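Let's take a look at some aromatic rings and at one helix with its surroundings. Have the sequence and the model open while you read.

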Amino acid sequence: MSDKERLIVKKSGPLKGKVKISGAKNSALPILAASLLGTEEIIIEEVPNLTDVEIMISILKNLGAKVEYIDKSTLRIDSGNVNSFQPPFELMDKMRASFVVMGPLLSRFGSAVTKAPGGCNIGERPIDLHLKGFDALGAKTNIDFDEISAISENGLKGSNIYLDFPSVGATENLMMAATLAKGETIIENAAKEPEIVDLSNFLNKMGAKIKGAGTSSIIINGVEKLTGTTHTIVPDRIEAATYMLAAAITKGEVRVENVIASHIRPVIAKLIESGCIVKELEDDDVIIVKANKRLKGTSIKTLPYPGFPTDAQSQFMALMTVCEGESHVKETVFENRYMHVAELKKMGASIITEGNEAAIMGVEKLKGADVEATDLRAGAALILAGLVAEGETRISNVYHILRGYSDLIEKFKGLGANLEFKKIEK
Ligand code: UD1
């Protein structure tokens with residue numbers, strides 16, 4: 001996607017119809033990394049069509065894995081011949097989540113050397129918890145400028161690890177590192193996100209011995225080796241939340257398919273509180289979201305799972321900008337996740353921020369503007385705002401959005417949204 005490409009979003013009527021949610025980006029990335037631990041063929045189904053996934057596939061291939069698509073969303077991976085523990089710096093730089101290859105490489109080869117991770121620009125995003133955990137497992141970690149290494153000459157040893165914060169990436173990295181360590185590892189204050197459970201299920205199918213994923217205490221008993229398996233990626237709860245919010249903001253009616261309602265309880269609760277009708281068809285993994293009037297302002301506070309997801313904060317704020325009355329947001333997971341605020345204000349939103357809190361005074365109308373997708377979910381928020389803004393919204397830095405939304409244009413258009421990519425000649 002070139003710098004000149006814009007996503008043009010025009011005011012669209014109420015979105016109507018159905019949309020099928022893809023496999024979760026945040027599951028696919030660690031699961032692809034985890035495939036480095038196995039020495040036999042692995043099949044992964046429901047792989048989302050995303051640039052972040054492409055980056056991870058390139059990293060695996062670069063390390064010597066055979067990776068090929070069997071169909072549009074199914075991958076065959078064979079890591080039997082992987083012989084490098086040094087993922088290419090230029091690829092690692094493109095995506096923060098690439099750092100989860102560190103745990104599997106360290107576990108399998110006793111050594112991993114990489115670059116400090118890049119990725120979404122939403123705050124400091126340190127990796128201290130990952131490195132402290134590797135140290136606890138007996139590795140020696142070192143940061144030399146932006147090169148990071150972890151080495152364990154005599155193999156990793158199980159240990160008790162307490163995470164100061166339930167970091168998703170650190171929990172995943174340490175869980176993977178511990179699978180081939182000697183003895184028992186206990187990760188306390190572990191992240192409880194559904195993607196952690198998905199990764200644990202995948203690793204257990206490969207022969208790992210992990211208990212407790214989804215709770216704050218994960219116990220891993222090291223095994224000698226991991227084998228092949230077939231696994232289907234869990235549905236993307238944040239993609240689902242985004243389309244639910246698209247229905248709400250446009251006063252439409254959307255049937256969201258392939259969604260697990262229990263994974264997005266806070267989003268459902270807050271939509272209902274705002275005046276939306278949300279119907280769950282549990283047996284079919286379907287949620288129907290309907291809004292037939294202007295919704296009311298509400299408050300959200302982001303928290304680690306099972307709290308309100310930080311990854312849906314900006315999209316929910318887009319809805320709040322046109323709700324009746326005042327809304328409040330408190331962001332507690334990332335320290336710099338309000339970059340969408342300045343962009344929403346360009347569209348006529350009335351928002352005041354102070355530290356990690358934001359007050360939003362609902363306006364009757366937004367207006368189209370030239371705005372920038374400053375990060376992935378901020379970009380999604382601008383699409384939602386653009387769907388109800390008068391005229392045309394022209395979003396730059398669209399590559400951020402394509403990192404996390406599979407078949408974005410097709411899915412939105414299928415619901416009647418008016419949006420397209422356009423080259424800007426200036
Ligand atoms: C993952 C998700 C991301 C989501 C985030 C929080 C993936 C690929 N990405 O990111 O979409 O927004 O969880 O739900 O799954 N922290 C430290 N030290 C560390 C690691 C993290 O202080 O070593 C802090 C971070 O700065 C941040 C907080 O912990 O404030 C949460 O980060 P973390 O849960 O690690 O997020 P990611 O795994 O990067």
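Start with Phe316, which is buried at a relative accessible area of 0% (buried means under 20%, exposed over 50%, partly exposed in between, with a 1.4 Å probe and protein chains only). Phe308 is buried too, at 6%.

A quick word on the model: it is predicted, so local features need pLDDT of at least 70 and side-chain atom pairs count only at pLDDT 80 or more, while totals for chains, interfaces and linings use all residues. Residues are numbered from 1 along each chain as its sequence is written, and side-chain values use heavy atoms, leaving out hydrogens and water.

How many aromatic pairs does a search of the whole structure find? It finds two. Rings of Phe, Tyr and Trp (its six-membered ring) pair if their centres lie within 6.5 Å; planes under 30 degrees apart are stacked, over 60 edge-to-face and the rest tilted.

| Pair | Centres | Planes | Type |
|---|---|---|---|
| Tyr243 and Phe412 | 4.7 Å | 45 degrees | tilted |
| Phe308 and Phe316 | 5.6 Å | 85 degrees | edge-to-face |

Tyr243 sits in helix 8 (residues 237-249) and Phe412 in helix 14 (residues 408-414), so their pair ties together parts 169 residues apart in sequence. Helices here are DSSP runs (H or I, at least four residues), as are strands (E, at least two), numbered from the N terminus. Tyr243 is buried at 0% relative accessibility, and Phe412 is buried at 1%.

Now for helix 11 (residues 339-346): its buried residues are Met339, His340, Val341, Glu343 and Leu344. Their cover includes helix 10 (313-320) and strand 19 (350-354). Just after helix 11, Gly348 takes a positive phi of about 100 degrees.

Key:
Contact = heavy atoms within 4.5 Å.
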